[in-house]
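Please read the points below with the model open beside them. They are grouped by region, with the cut-offs given where a term first comes up.

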Amino acid sequence: MAFLSVLGYIVLFILCLSVLIVVHELGHLATAKAFNVYCLEFSIGFGPAIFHRKRKKGETYFSIRAFPLGGYVSMYEEGVELPEGVTVDPSRSFDHIKKWKRIIILFAGVFNNCILALIIFFISEAACLQRSFVYYQEEATSPSVCFQIEATPDSQASKAGVEAGSWNKYTRIHSGDSNIFMPSAYLLDREALLSYQDGTSEKVAAVVSTDKLTFNQRQFANNLRFYEFSTSEQAKINDGIDFNKEIAASSTTIKEITFVVTTVKLSRGEDGKTKEEDLAQYELTVGRKLNDDQTWSFEDSGLSFYIWERYNSIGDAFKNTFSDFGYSAGAIVRSLGSLFTSAESWKQVGGIVSIGVQTSSILADMGIGKFLYVWGLISVNLAIVNLLPFPGLDGWQILVLVVEMVAHKEIPEKIKNVVSIVGLVLLMAFAALILVKDIIGLF
């Protein structure tokens, strides 16, 4: 069953990726045909052809190739050989149509991926059950944030006095500037006590990383991360926490963790602002246990993160669709920018294997709505990356055409070909390196 499940996720991933590729390439094909450019082939994938057919009296072959990790539209232009017995008027060559038409053809793939992303976001927002962790923060510059938590009746947390529906208060962790905080990382207890099997113990920072949370695995203690304190410059930025010194929660030497849960009640004042009232602290000790599969985890303290389930109205879905698109585009642009400013960002770069693993995990743990949202984000990512002015990408060809239009001068074909080939080789080498990194990361 496990093998069939993995196989199913692989097939689903290839199908989803193929949809993004097909939509992108259809943009090129449709606009090329609209401008009467002769298109020899529309291909999904690379390598040997598994399927290669064209309609009677048609001129374009439709192909499915062995490696479905890309695609292309082959248009008639200088250097492209026509099939035997086929003659085409030179006016139908990609090189002979006006430059602004060529720019539209090249941009059409990006445009289609943006439209597809909006459609996916809308389906995710309008047709799927919305599930999210309930949290509150006063403002972007506020150093605190609250997550709503549940306490199971007669559990350790309940006996300690924690009430269901309480708001658990965290301190947001700074990330280099007084008003900027680390995303998805929150300090729960600055002096949590980590006890070991040999009787020793140490005080550590207990941090909740919400990007590790799933809707199926939302137990409190098992989502904690433990870090040592440090006087290093980087640790000073992060409120004294050294994120390079994580204490592995899976270590068999750990006996238990004792941490303080700080809760508040939220109410709305006459001025309309939310107020924090009845601040209380509860100390919980959670031991370790050996599971049936011989892995270690913390015992159930009775605490979990509250999940809000709802369906959006059409109006909210429509509004959220554009909000999702804007957020995704901004996040991708910021991520690309960080690659040039932070060496740490390169550790987060993932390729086809990483995406496959993550999307499969999201579907299993967080449901179809979140799964669709991620594929919408990937579609936006595909659009933005293709717009980059790097040789081998659509953005590079658009840039060349714009430069030629502004300069009223053609760049020598030989130079363009050499630069494009070098760019493609670099892209393929980069993709190969990321693939190796992804595979190593699986083990």
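1. With which side chain does the side chain of H24 make a polar contact? The partner is the side chain of D394, at 3.2 Å. A polar contact here is a pair of N or O atoms within 3.5 Å; within protein, one must be able to donate a hydrogen and the other to accept it, and residues adjacent in sequence count only if both atoms are side-chain atoms.

2. Basis of the note. This is a predicted model, in which local features need pLDDT of at least 70 and side-chain atom pairs count only at pLDDT 80 or more, while totals for chains, interfaces and linings use all residues. Residues are numbered from 1 along each chain as its sequence is written, and side-chain values use heavy atoms, with hydrogens and water left out.

3. Overall make-up. The protein chain has 8 helices and 15 strands; helices (H or I, at least four residues) and strands (E, at least two) are DSSP runs, numbered from the N terminus. The C-alpha trace spans about 85 × 55 × 45 Å along its principal axes. Of the 443 residues, 40% are buried, where buried means under 20% relative accessible area, exposed over 50%, and partly exposed in between (1.4 Å probe, protein chains only). Taking contacts (heavy atoms within 4.5 Å) between residues at least 6 apart in sequence, 60% join residues at least 24 apart.

4. Surroundings of H24. This histidine belongs to helix 1 (residues 2-34). H24 has a relative accessible area of 5% and is therefore buried. Leaving out residues up to four places away in sequence, H24 touches G109, V110, N113, N386 and D394.

5. N113, one of the residues touched by H24. N113 sits in helix 2, and its relative accessibility is 0%, so N113 counts as buried. Beyond its neighbours within four places in sequence, N113 contacts L20, V23, H24, S379, L382 and A383.

6. Helix 2 against helix 7. The axes of helix 2 and helix 7 (residues 394-407) are 9 Å apart, with a packing angle of about 165°. Helix 2 is therefore roughly antiparallel to helix 7. On the helix 2 side the contact involves K99, W100, R102, I103, L106 and F107, and on the helix 7 side D394, Q397, I398, L401, V402, E404 and M405. The crossing is left-handed. Axes are lines fitted to C-alpha atoms, for helices over the stretch in contact, and angles run from 0 to 180 degrees between N-to-C directions. Angles under 35 degrees count as roughly parallel, over 145 as roughly antiparallel, 65 to 115 as roughly perpendicular and the rest as oblique.

7. Helix 2 against helix 5. How do helix 2 (residues 99-127) and helix 5 (residues 314-338) cross? Their axes come within 8 Å and cross at roughly 135°, so the two helices are oblique to each other. This crossing is right-handed; a crossing is left-handed if the near helix is turned anticlockwise from the far one by less than a right angle, and right-handed if clockwise. Residues of helix 2 that take part include C114, L118 and F122, and those of helix 5 include I314, F318 and F325.

8. Cysteines. How many disulfides does a search of the whole structure find? The search finds 0, a disulfide being a pair of cysteine sulfur atoms within 2.5 Å. For C114, the closest cysteine sulfur is in C16, 19 Å away, which is too far for a bond. C146 is buried, at 0% relative accessible area.

9. Backbone points to check. Most residues other than glycine have a negative phi. N36 is not a glycine, yet its phi is positive, about 65°. N36 is in the loop between helix 1 and strand 1 (39-53) and, at 43% relative accessibility, is partly exposed. D154, also not a glycine, has a positive phi of about 65°. D154 lies in the loop between strand 5 (144-151) and helix 3 (156-160), and its 65% relative accessibility makes it exposed.

10. I180. This residue is in strand 7 (residues 180-196) and is partly exposed, at 45% relative accessibility. Apart from neighbours within four places in sequence, I180 contacts H174 and S175. I180 and Y72 are 108 residues apart along the chain, and their C-alpha atoms are separated by 42 Å.
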